[in-house]
Amino acid sequence: MTEIPDELVAGLRDAFSVVVLTGAGVSAESGIPTFRDALTGLWAEYDPMELATPEAFAADPARVSRWYDERRMAVQKCEPNAGHVALVQLEQWLRGRGRKFNLVTQNVDRLHQRAGSVDVIELHGSIGEWRCTETGAIVNLADRKEALEEYPVRSACGGLLRPNVVWFGEALPYGVMEKAERLTGGAEFFLSIGTSAEVYPAAGLLEVARYQGGVKTVEVNKAGTVASGGFKWCLRGASGVILPDLVGQVVGGG
Ligand code: OAD
């Protein structure tokens with residue numbers, strides 16, 4: 001069992017509003033590589049500037065499309081883990097008592113939604129959706145098992161299709177960050193789970209929570225991060241273990 005302070009459990013049980021921010025770590029136990037873990041992270045093997053920028057896509061759309069299509073298919077084979085499920089349980093328990101729960105994720109894998117989370121705020125888009133670079137039309141590939149026929153792929157109008165994810169140097173989808181900030185600023189609890197807290201603007205939600213006053217902050221991560229010093233509580237370990245323990249104690253207490 002994870003050592004979880006009583007004050008944290010009691011506070012969460014009584015909280016009128018909870019905001020959770022998740023990152024790649026929450027999906028690690030589902031078999032999806034994180035970005036920055038030293039040996040297993042995607043950015044340890046690949047250069048993000050060659051794959052995750054508009055410039056990279058313009059220079060070599062076939063390469064970038066193939067890489068994202070392979071990731072799209074890999075994500076499809078993965079299942080939500082106990083951490084995703086625990087967040088659904090917390091959401092349902094709080095909402096069932098008339099309290100607010102909002103989940104903000106940097107992940108593009110939709111595992112939260114597949115676990116049963118609703119109204120998830122996706123800061124970085126979704127890898128199962130692709131978007132026409134000419135018209136902006138969205139093509140849903142989330143259920144497609146096979147690889148795309150060709151790389152790069154074109155939509156009916158002749159425009160190139162690209163994954164509907166946010167690349168380095170791009171703006172976030174319209175309004176999502178503002179919504180996440182508004183919810184965080186008005187929350188009683190802010191939990192940051194499985195994120196290195198190195199990528200802005202998402203990482204700035206902790207500052208919103210801290211400086212808005214009165215927001216209690218919790219980090220769940222298997223390691224310390226650049227942001228750890230700013231949290232009231234840090235729970236160290238795998239989210240697939242800690243979250244079921246934490247939520248079990250909150251929900252089990254009445
Ligand atoms: P990172 O790869 O930067 O960080 C993952 C974090 O998860 C690290 O702090 C790990 O210690 C932690 N971690 C790993 N396994 C864990 C587990 N089982 N339980 C708990 N924690 C665990 O991923 P993000 O912070 O999500 O952006 O990265 C942010 C953004 O950078 C991503 O959304 C992506 C990337 O570039 C875009 O694609 C726009």
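**View 1. The largest nonpolar core has 29 residues, and L8, V18, F189, L191 and L246 touch the most other members.** This is a predicted model: local features need pLDDT of at least 70, side-chain atom pairs count only at pLDDT 80 or more, and totals for chains, interfaces and linings use all residues. Numbering starts from 1 along each chain as its sequence is written, and side-chain values use heavy atoms, without hydrogens or water. A nonpolar core is a set of buried Ala, Val, Leu, Ile, Met, Phe, Trp, Tyr and Cys residues joined through side-chain atoms within 4.5 Å. Buried means under 20% relative accessible area (1.4 Å probe, protein chains only). Elements that give two or more residues include helix 1 (6–14), strand 1 (17–22) and strand 7 (189–193). Helix 11 gives the largest share, six residues.

**View 2. L246 and its contacts (heavy atoms within 4.5 Å).** L246 touches I4, L8, V9, L12, L191 and L235, leaving out residues up to four places away in sequence. Another core, of 26 residues, lies apart from the largest one; L42, L111, I127 and L160 are among its members.

**View 3. An open, antiparallel sheet of three strands has the order 5-4-6.** Helices (H or I, at least four residues) and strands (E, at least two) are DSSP runs, numbered from the N terminus. Strands pair if DSSP finds at least two bridges between them. Strand 5 (138–140) and strand 6 (161–165) are the edges, each pairing on one side only.

**View 4. Strand 4 (residues 125–132) and strand 5 run antiparallel, joined by three bridges.** E129 stands opposite N140 in strand 5.

Terms used
Buried means under 20% relative accessible area, exposed over 50%, partly exposed in between (1.4 Å probe, protein chains only).
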